[in-house]
Amino acid sequence: MTCLAGEVLADPVGLVVRLVGNVEKHLPAEQVRDIVLGVVRARAGRRSLAQALHDDPSLLRTGRPPAPYCVAKLLMALHDAGAQDIALPRCGECGRACRYVGSSTGGRWGCSPCFDKPAVCAGCHEERRVTSRDRNGEPRCANCPDTEGDPLQELTELVTGLDPALDAHAVLAALGRATVRPAGQRRLAWAVVACRELLTGAGYEAPTPAALRFIDELVESGATKVVRPACPRCREVKALSKLLEGRRICRACLARHAAVPCSGCGAVREPATRDSEGRPLCPNCMIRQPANLEECVGCRRRMPVATRLPDGPRCNNCRPRITAECGICGRMAACEMSRATGQPWCERCQHRWVTCSRCDAVAQARGGTWEAPLCAKCTSTTGLDLDHGVMGGSACGHDTAP
């Protein structure tokens, strides 16, 4: 595991803002901070960015790889915001400054002409730069686009024939909302035409996430025969945002599939990270690692972050509470707002173990009422324990921490 500098661990975003401010005199620090937070959202990514600039501050003036790709993203975002003293990222092959570069392995990045590998065109059979691919996935050069049929017309005829509630205009509008680029629209059209079952319940076999967005757009447009696919594991109709063994599944099922005993507490959960020896750590144990502790603005102790406020991080003891009627037990008490239900949630209910009134699982109460409690799976539409982090878990300070 890489040994990180102390300032990188304590305040990576502040370090990046300071280093950028040493070079760029035309952007205020507050704007630079907002750009950094927008470019890299995860704590690990922010530390990687801060460590790279800490080790080589000249990256801000030269823009030359090798360096993590997040450095190139930061340079491009700063230029888009009006930076004048920061360098644009330079291609690692030809050295020219670019407003867009692609990433590669080993900390390399570069422009499209240098990074796009030539291939034998399926049309002219010459080795040329690939500008598109045909319906069979074969490469095509700029002189040999695939002209065999009109994929958008084929898609329109397929969908309107399946579902008379839609007309050609509605189908093309849904396609445009699902994917904007013409090349992506053609790929999506070819995929659906080749496997029309994607529209009638087999969407979990979609070769691209755009196909799922297309199905959603058709349903929102009034389709009655097009079917949103259910997760092939839990059989629930929800967002299929993850790919496992060639099938698209929901986030909760992937978490259950990836669950292993935590090396810290023994809880069987999806690992949030691994320690220096490669052992899995759950979200609760991850935020309690010494490197992830931060100084609470309330008590000034280095503690796990329970919540973040405009004035800084707060530990579990210093997080704000309101006196309100608990949404579960109904009593007036010091409460927090539940992320799962949006209702006040007292500390007694946060620690209460129950038998779920819907699925009969023994778990901590996360919703429902005192008499008919619900577990996290039955409370949250995603099936995840959104409120677990309020008491120090992953929902607080995992992806939002600097």
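The model is predicted. Helix 8 packs with helix 10 at an angle of about 45 degrees and crosses helix 9 at roughly 120 degrees. The whole structure holds 15 salt bridges.

**Helix 8 with helix 10**

- Helix 8 spans residues 151-162 and helix 10 spans residues 182-194; their axes lie 9 Å apart, at an angle of about 45 degrees.
- That angle is why helix 8 is described as oblique to helix 10.
- The crossing of helix 8 past helix 10 is left-handed.
- On the helix 8 side, the contact is made by Pro151, Leu152, Glu154, Leu155 and Leu158. On the helix 10 side, Gln185, Arg186, Ala189, Trp190, Val192 and Val193 take part.
- Sorted by class, the contact of helix 8 with helix 10 has 8 nonpolar residues, 1 polar residue and 2 charged residues.

**Helix 8 with helix 9**

- Helix 9 is made of residues 168-178, and its axis comes within 9 Å of the axis of helix 8, with a crossing angle of roughly 120 degrees.
- Helix 8 and helix 9 are therefore oblique to each other.
- Helix 8 and helix 9 cross in a right-handed sense.
- Helix 8 contributes Leu152, Leu155, Thr156, Val159 and Thr160 to this contact, and helix 9 contributes Ala168, Val171, Leu172 and Leu175.
- The contact of helix 8 with helix 9 has 7 nonpolar and 2 polar residues, and no charged residues.
- Leu152 and Leu155 are among the residues of helix 8 that touch helix 10, and both are also among those that touch helix 9.

**Helix 3 with helix 6**

- Helix 3 (residues 29-39) and helix 6 have axes that come within 10 Å and cross at roughly 135 degrees.
- Helix 3 is therefore oblique to helix 6.
- The crossing of helix 3 past helix 6 is right-handed.
- Ile35, Val36 and Val39 of helix 3 meet Cys70, Lys73, Leu74, Ala77 and Leu78 of helix 6.
- By class, the contact of helix 3 with helix 6 has 7 nonpolar residues, no polar residues and 1 charged residue.

- Strand 17 (residues 322-325) and strand 18 (residues 332-337) run antiparallel and are joined by 4 bridges. In this pair, Ile322 stands opposite Cys335 of strand 18.
- Strand 18 and strand 19 also run antiparallel, joined by 3 bridges. Here Met337 stands opposite Pro344 of strand 19.
- The hairpin of strand 17 and strand 18 has 6 residues between the strands, and Gly330 in this hairpin takes a positive phi near 85 degrees.
- The hairpin of strand 18 and strand 19 has 6 residues between its strands, with Gly342 in the turn at a positive phi of about 75 degrees.
- As background, strands of a sheet pair through backbone hydrogen bonds, either parallel or antiparallel.

**Salt bridges**

- A search of the whole structure finds 15 salt bridges.

**Backbone features in loops**

- Most residues other than glycine have a negative phi, and most peptide bonds are trans.
- The peptide bond from Pro65 to Pro66 is cis, with omega near 10 degrees.
- Pro66 sits in the loop between helix 5 (59-62) and helix 6 (69-80).
- His125, a residue other than glycine, has a positive phi near 60 degrees.
- His125 is found in the loop between strand 3 (119-120) and strand 4 (127-128).

Terms used
Residues numbered from 1 in each chain as written. Predicted model: local features only at pLDDT ≥ 70, side-chain atom pairs only at ≥ 80, totals over all residues. Heavy atoms only, no water. Axes fitted to C-alpha atoms, helices over the stretch in contact; angles between N-to-C directions. Helix = DSSP H or I, 4+ residues; strand = E, 2+ residues; numbered from the N terminus. Parallel < 35°, antiparallel > 145°, perpendicular 65-115°, else oblique. Left-handed = near helix turned anticlockwise from the far one by under 90°. Contact = heavy atoms within 4.5 Å. Nonpolar A, V, L, I, M, F, W, Y, C, P; charged D, E, K, R; others polar. Pairing = 2+ DSSP bridges. Salt bridge = Lys/Arg side-chain N within 4 Å of Asp/Glu carboxyl O.
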